[in-house]
Structure formats: C-alpha cells, structure tokens
Amino acid sequence: MSQDSATATEAARKLTGRRRREVVAVLLFSGGPIFESSIPLSVFGIDRQDAGVPRYRLLVCGGEDGPLRTTGGLELTTPYGLEAISRAGTVVVPAWRSITSPPPAEALDALRRAHEEGARIVGLCTGAFVLAAAGLLDGRPATTHWMYAPTLAKRYPSVHVDPRELFVDDGDVLTSAGTAAGIDLCLHIVRTDHGTEAAGALARRLVVPPRRSGGQERYLDRSLPEEIGSDPLAEVVAWALEHLHEQFDVETLAARAYMSRRTFDRRFRSLTGSAPLQWLITQRVLQAQRLLETSDYSVDEVAGRCGFRSPVALRGHFRRQLGSSPAAYRAAYRARRPQGVAESAATVLETVVPSQGSPSGRRGAPMGSAAPVSVAASAGSSEHSLPVPDAYVPGRPALPGQRSAP
C-alpha cells in the first residue's frame with residue numbers, strides 16, 4: 001500500500017482556525033450504502049479507551065438536506081450539517097451514491113475549504129469520486145473499488161488511478177478500495193496518529209487483521225466498464241478475452257485495433273485505467289486460476305492453455321498476484337470443494353477454453369469479420385460464464401492470498 005506517514009504528520013500540523021486533529025467529520029449523502037457509511041462511524045465514533053484505543057471526536061454531517069435514504073430504504077438524520085466540517089482535522093467521505101452523478105456543489109466547496117485549512121481528506125470506495133470532483137485528487141495517486149477504477153481514470157484523467165492498491169496515502173489526501181478496504185485505511189489512520197499498538201488494539205476489537213498484504217488484484221474479474229462497449233477497442237478487448245489460450249502480445253492487440261503500440265497503450269489506459277500489458281497478464285492469471293479450480297490439467301498444461309510462454313512465467317505472475325504457487329492454490333482449493341462440483345465446472349470450462357490443438361485454439365478471427373461485441377456481454381453472458389467458487393464458506397481454510405470478499 002502506498003503510505004507516507006511523515007507527510008501526513010506534517011500536514012496535520014498545518015491545521016488552521018478551530019480545526020482539531022482528533023475531530024473526525026464523516027460526510028454522508030442520500031443513497032449511500034450503509035456498510036461503507038458505518039465503517040468510519042464504528043472506527044472513530046466508539047469510545048474504546050478501555051482497550052487502549054485513543055479517543056476521537058466524531059461529527060456526523062449531512063452533505064445535503066435530510067432525511068438521507070440509504071441501503072434498504074432506511075432513513076437517516078445527521079446531528080450536524082456542512083458547517084460542522086469547519087472544526088474537523090479529518091474529513092471522511094465513506095461513499096457516493098452514483099459514479100455518474102455530480103456531488104452537491106456546497107459539499108465540494110466545504111471539502112476544498114477544509115483541505116485548504118490543513119484538514120486530512122479521506123475517500124472510501126466511491127467517495128474517491130467526490131474528492132476527484134472537488135479537484136483534490138488532481139495530479140495525485142488514488143484508488144477506488146477495482147470495478148469503478150476505469151471510470152474514475154477516464155472521467156478524471158489528471159488523477160493517477162491505481163486499481164491494484166487497497167488504499168493510497170498521499171499525505172493529506174487518502175483513498176481506499178471498496179468495502180473492507182475502508183477498514184484497512186481507517187486502521188492506517190489510527191496507526192499514523194497513535195502508533196502500531198493502538199491500531200492493533202482496535203483491530204482486535206473489530207476482529208480484523210491489523211494489516212493486510214497484497215492489493216485488489218486477487219479480486220479483479222474479466223469485467224470492464226459498460227461504457228467501453230461503444231468504443232472501437234471493445235471488439236479488440238472481447239477478442240482478447242476469447243483467445244487467452246493463444247500466445248499473443250500487446251502488439252497483436254494494437255494491430256487488430258489498427259493503431260500504433262503507443263497510441264493503443266494511451267487509448268487503452270484512458271478507457272480502463274490500466275496498462276494493456278498488465279491487464280493482459282491479469283486476465284491470463286485469472287484464467288489459470290479458473291483452470292486450477294475446475295480441471296485436472298497439470299501446471300504446465302495450464303500455462304499453455306492461458307497463453308503463458310512457459311510454466312515459469314505462469315508461476316511468477318501467479319505468485320505476484322495471488323501470493324501462492326499454482327500447485328499450492330489448487331491443493332487448498334480442492335481441500336475446500338466437493339469433487340463433484342469441480343468435475344461439473346470442468347465440463348463447462350472445456351467448452352469455453354479449447355485445447356491448443358483444436359481448430360478454434362489455432363485460428364484467430366480475421367480483422368473486421370466479427371460484429372462489434374459488448375465487453376460486458378462477452379464477459380458476463382451465460383454462454384461464457386463459469387460457476388463462481390464459494391470462496392467464503394465459514395469454517396473452511398482460506399485459499400492462499402485470500403483475505404475477505406470485496
């Protein structure tokens with residue numbers, strides 16, 4: 001995770017006016033998910049001094065007129081409005097209701113003013129879109145839920161979006177990935193303010209790890225934003241997903257798009273928030289993960305069926321993304337899954353990933369011969385979908401690299 005505690009500490013010293021470092025304002029909006037909203041309320045709003053956790057003062061602020069409607073139709077009223085943010089040394093935006101709609105101008109003004117006066121600004125999950133709309137992420141590294149990272153990168157090109165991180169600390173502006181990663185970032189804030197022991201005591205109370213290693217890579221799937229479906233690159237991306245069993249590189253994709261490699265890299269990154277090579281490697285690893293779960297192919301065969309040039313390449317990328325060797329991952333998975341389920345899934349997978357010796361495995365579609373395909377449709381249709389592993393059944397050992405559901 002990207003961290004800069006020294007910068008964060010220095011930023012805290014610059015608080016002006018009535019702002020106090022121990023005062024945390026949580027900015028809520030109508031339509032926000034209740035889980036993300038509750039994370040900073042639980043971390044900063046409950047007195048746990050008996051457990052060695054320093055106390056914060058919590059101000060729950062409404063970012064717009066109430067009552068605020070949230071998950072399940074619940075209605076909330078907040079004790080404070082935007083004016084209370086003027087006292088906070090930390091302002092948290094736990095979520096935003098829609099990545100396609102603009103936040104209220106008054107709330108954006110309050111966030112800018114707080115930042116100018118030295119407050120630490122935090123965006124959890126889609127809260128990053130509110131920070132970006134306020135201009136607070138311009139020229140900065142940031143993250144959000146991997147599913148929304150491409151949209152954030154496309155809408156705010158001056159933001160350096162990294163969809164791999166659980167959270168990013170850029171000193172006075174911090175962002176996190178989705179849901180549980182909000183807990184990771186809040187624990188990091190406590191660690192920055194009060195040290196490892198205090199953060200560890202809080203983690204024990206919350207029954208969560210004090211730190212999680214790795215990032216969001218293990219949660220990425222084959223989906224890309226629906227808005228790419230109308231872009232000329234959509235057909236190229238769909239073709240890549242259907243031909244992962246073949247050995248091709250980014251130059252091949254650029255040629256299919258009738259672009260130079262440099263132009264293709266730039267266009268691909270603007271649409272997805274990821275470099276095409278990294279995206280392609282991630283998709284190959286995900287395909288390997290599925291094959292290890294649903295087939296009896298050897299690791300060498302899996303490498304070939306996922307387009308890796310050698311088993312060594314598969315092992316290296318697999319370990320970097322999932323924190324485990326392919327063999328160890330398969331062993332742990334099979335210890336947790338009924339044999340019948342794996343066999344039935346393997347039948348489905350064989351229809352999706354043809355063997356290297358089959359005609360469909362050798363032949364690529366001619367350029368321009370296929371009708372434009374929506375990425376969302378190609379990735380999520382029943383014809384090409386695989387059974388989702390029940391990876392979070394209580395009482396079963398976790399897979400290597402697995403921490404919690406996104």
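## A buried arginine and its partner

Arg19 counts as buried at 4% relative accessibility (buried means under 20% relative accessible area, exposed over 50%, partly exposed in between, with a 1.4 Å probe and protein chains only). This is a predicted model, where local features need pLDDT of at least 70, side-chain atom pairs count only at pLDDT 80 or more, and totals for chains, interfaces and linings use all residues. Residues are numbered from 1 along each chain as its sequence is written, and side-chain values use heavy atoms, with hydrogens and water left out.

Arg19 meets Glu117 in a salt bridge, 2.8 Å from N to O (a side-chain nitrogen of Lys or Arg within 4 Å of a carboxyl oxygen of Asp or Glu). The two sit 98 residues apart, Arg19 in the loop between α1 and β1, Glu117 in the loop between α3 and β6. Glu117 is partly exposed, at 26%.

Another one pairs Asp193 with Arg21, with 3.1 Å between the closest N and O atoms. Asp193 is in helix α6 and Arg21 in strand β1, 172 residues apart (helices, H or I with at least four residues, and strands, E with at least two, are DSSP runs numbered from the N terminus). Arg120 joins these two in a network of salt bridges.

## Around strand β10

Now for β10, residues 173–176: Val173 and Thr175 point one way, Leu174 and Ser176 the other, and all are buried. β10 pairs with β6 in the parallel sense over 4 bridges (pairing takes at least two DSSP bridges between the strands). With β9, β10 runs antiparallel, joined by 3 bridges.
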